[in-house]
Amino acid sequence: MMASLKILQLNCQGLRHKTQIVENYLETNDIDIAIFNETKTKLKNQVKFSRWHIAAETNHRWHGTMICMKNGMSYKEAASASTDEFEYIRIQTGELTITAVYVQPQK
């Protein structure tokens, strides 16, 4: 049986300049896993959190999806793909599979 997890999903419309407020929310609400869409980070590792690490991220054409895990949680990156229409990442932690998907609104 898996322990209880707190998971946040956020369409952040740009994460780089919101890192501190997002991290405060993660901390205050004891979030274990955070899934972000529309991170709009052009380069990998532009965002850093003190108690969460980036388990997987895409940066295709500035849209960006990201999954962050609280430090100490184990996981493995299971899949990722991106095209001009969509992008996704998938990780596995224990028996749980988490997928983050971004699809352009016009598609």
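Ile-31 is found in the loop between α1 and β2, where helices (H or I, at least four residues) and strands (E, at least two) are DSSP runs, numbered from the N terminus. This is a predicted model, in which local features need pLDDT of at least 70 and side-chain atom pairs count only at pLDDT 80 or more, while totals for chains, interfaces and linings use all residues. Residues are numbered from 1 along each chain as its sequence is written, and side-chain values use heavy atoms, with hydrogens and water left out.

**The loop after the helix**

With a relative accessibility of 6%, Ile-31 counts as buried; buried means under 20% relative accessible area, exposed over 50%, and partly exposed in between, with a 1.4 Å probe and protein chains only. Leaving aside neighbours within four places in sequence, Ile-31 is in contact with Lys-6, Leu-8, Tyr-25, Leu-26, Trp-52 and Lys-70, contact being heavy atoms within 4.5 Å. Ile-7 is 24 residues away from Ile-31 in sequence, yet the two are 5.9 Å apart in space, C-alpha to C-alpha.

Asp-30 lies in the loop between α1 and β2 as well, and it has a positive phi of about 50° although it is not a glycine. At 39% relative accessibility, Asp-30 counts as partly exposed.

**The helix and what covers it**

Helix α1 comprises residues 19-28, and its buried residues are Thr-19, Val-22, Glu-23 and Leu-26. As a general point, an α-helix has 3.6 residues a turn, so residues three or four places apart point the same way. The face of α1 turned away from this buried side carries the exposed residues Gln-20, Ile-21 and Thr-28. Among the elements that cover the buried residues of α1 are the strands β1 (7-11), β2 (33-37) and β3 (52-58).

Leu-10 is found in strand β1, and with a relative accessible area of 29% it is partly exposed. Apart from neighbours within four places in sequence, Leu-10 is in contact with Val-22, Ile-35, Phe-36 and Asn-37. Asn-11 also has its place in strand β1, and it is partly exposed, with a relative accessible area of 41%. Not counting residues up to four places away in sequence, Asn-11 touches Asn-37 and Glu-38.

In the loop between β1 and α1 is Gln-13, whose phi is near 45°, a positive value in a residue other than glycine. Gln-13 is exposed, with a relative accessible area of 54%.

**Another loop and some C-alpha separations**

The table sets out separations for several pairs of residues.

| Pair | Separation in sequence | C-alpha to C-alpha separation |
|---|---|---|
| Ile-31 and Ile-7 | 24 residues | 5.9 Å |
| Leu-10 and Ala-34 | 24 residues | 7.7 Å |
| Thr-83 and Val-103 | 20 residues | 9.6 Å |
| Asn-11 and Asp-30 | 19 residues | 19 Å |

**The protein as a whole**

The secondary structure of the protein comes to one helix and seven strands, and read along the sequence these follow the pattern β-α-β-β-β-β-β-β. The radius of gyration is 13 Å, close to the 13 Å that the globule rule gives for 107 residues, so the protein is as compact as a globular protein of that length; the radius is taken over C-alpha atoms, and the rule is 2.2 Å times the number of residues to the power 0.38. Along its principal axes, the C-alpha trace spans about 40 × 30 × 20 Å.

Buried residues make up 41% of the 107 residues. Of the contacts between residues at least 6 apart in sequence, 49% join residues at least 24 apart. The protein exposes about 6,300 Å², of which carbon and sulfur atoms supply 49%, with accessible areas coming from the Shrake-Rupley method with a 1.4 Å probe.
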